[in-house]
Amino acid sequence: MLIAQRQFVIGSFRTLDALLVVSVTLLVTAAPLVPSNAAICTAVGIALLVVVAWYKRCRAAAPVSTFCVICLGLAFCGVPYFQVVLGVGLLCYAGVVRGVPWLRETATWARWGSFDREVRLLSAAACLLAAVALLSWYLLLHPNVADIVKAFVPDLPLGLLIVGGLIFSMVNAAVEEGAYRGVILHALDRSLGPGVAALLLQALAFGAIHIRGFPRGWLGVGLACIYGLLMGVIRRRAGGMFAPWIAHVFTDVVIAGIVVFLAGPNQQPTAQTASFFRM
């Protein structure tokens, strides 16, 4: 009888943890896609879920909800560049996980993982598909990306622009992979199990931030979702973060090349200004 009661309590606890993680992920997905007033409501909703997760000591929901509410708070406070928002959010997440005893064993995603032949082939295939998709999207649709050019391509010699593009690609890939294939996917895997649902949810969240990024628009969201799904598969197969980071770096190099060499700096910015949810 006592064993049955204990199993029921544990099962209920895991159900609550999973419900909180899924709810946080869906709210984070919605935030960049809805008007600003509604986005504020999503942030408030996540803040409420943070309170519940910490009160119930949910080992999957507490760290991921804390990370998400910090990132949204920084964005709404006007912190420039989404890469900075994610970077600060990851540092705060690391501090929380390291400083709270019952969370210290929850960040097992932060490891190199393998980079064997199968992982290398998967990564190369993902890079090739992404490069073809990005070039096709830009060359066929001729999107106005003047806001990105203005924000990320200063008036500097070509050599410095190339070096800056490489550095940006490495940093951007690190913070985005750490956020989506690290913090979010890990929380989903811990609470839902390593199935298709967790992969899809993290891919949707990753795709949503590209609504005003590169690629942008709803087609850009769809392409980024597919890419996020591929990165999630590579992350699981590798058992660590190095392989998806490398693949993401090469993809961002392609984006940097398109922005620097193909997107003319003479494009007129659109009425829609650069947002925090980009690239």
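**Overall fold**

I counted the secondary structure to begin with: the protein has ten helices and zero strands, with helices taken as DSSP runs (H or I, at least four residues), strands likewise (E, at least two), and both numbered from the N terminus. Read from the N terminus, the order is α-α-α-α-α-α-α-α-α-α.

A note to keep beside everything below: this is a predicted model, where local features need pLDDT of at least 70, side-chain atom pairs count only at pLDDT 80 or more, and totals for chains, interfaces and linings use all residues. Residues are numbered from 1 along each chain as its sequence is written, and side-chain values use heavy atoms, with hydrogens and water left out.

Next I looked up burial, and 47% of the 279 residues count as buried. Buried means under 20% relative accessible area, exposed over 50%, and partly exposed in between (1.4 Å probe, protein chains only). I also checked contacts, meaning heavy atoms within 4.5 Å. Among those with a separation of 6 or more, 77% are between residues 24 or more positions apart.

**Nonpolar cores**

I then searched for nonpolar cores (buried Ala, Val, Leu, Ile, Met, Phe, Trp, Tyr and Cys residues joined through side-chain atoms within 4.5 Å). The largest holds 58 residues, and Phe67, Leu86 and Tyr180 have the most contacts inside it. Another core, of eleven residues, lies apart from it and includes Leu134, Trp137, Tyr138 and Val149. Back at Phe67, I set aside neighbours within four places in sequence and found contacts with Leu86, Gly89, Leu90, Tyr93, Ala179 and Val183.

**Helix H4**

Gln83 took me to helix H4 (residues 82–99). The 18 residues of H4 should span 26 Å at 1.5 Å a residue, and its end C-alpha atoms are 26 Å apart, which agrees; the expected span is 1.5 Å times one less than the number of residues. Buried in H4 are Phe82, Gln83, Val85, Leu86, Gly87, Gly89, Leu90, Tyr93 and Val97. These pack against H3, H6 and H7.

Is Gln83 buried or exposed? Gln83 counts as buried because its relative accessibility is 10%. Its side chain makes a polar contact with the side chain of Asn172 at 2.9 Å. For a polar contact I need a pair of N or O atoms within 3.5 Å; within protein, one must be able to donate a hydrogen and the other to accept it, and residues adjacent in sequence count only if both atoms are side-chain atoms.

**Helices H7 and H10**

I moved on to helix H10 (residues 242–262), whose 21 residues should span 30 Å at 1.5 Å a residue; its end C-alpha atoms are 29 Å apart, which agrees. Its buried residues include Ala243, Ala247, Val249, Ile255 and Val259. Among the elements covering the buried residues of H10 are helix H5 (117–141), helix H7 (158–192) and helix H9 (217–238).

Met170 lies in helix H7. With a relative accessible area of 37%, Met170 is partly exposed. Not counting residues up to four places away in sequence, Met170 touches Trp245 and Val249. I also checked Met170 against Val253: they are 83 residues apart in sequence and 8.7 Å apart in space, C-alpha to C-alpha.
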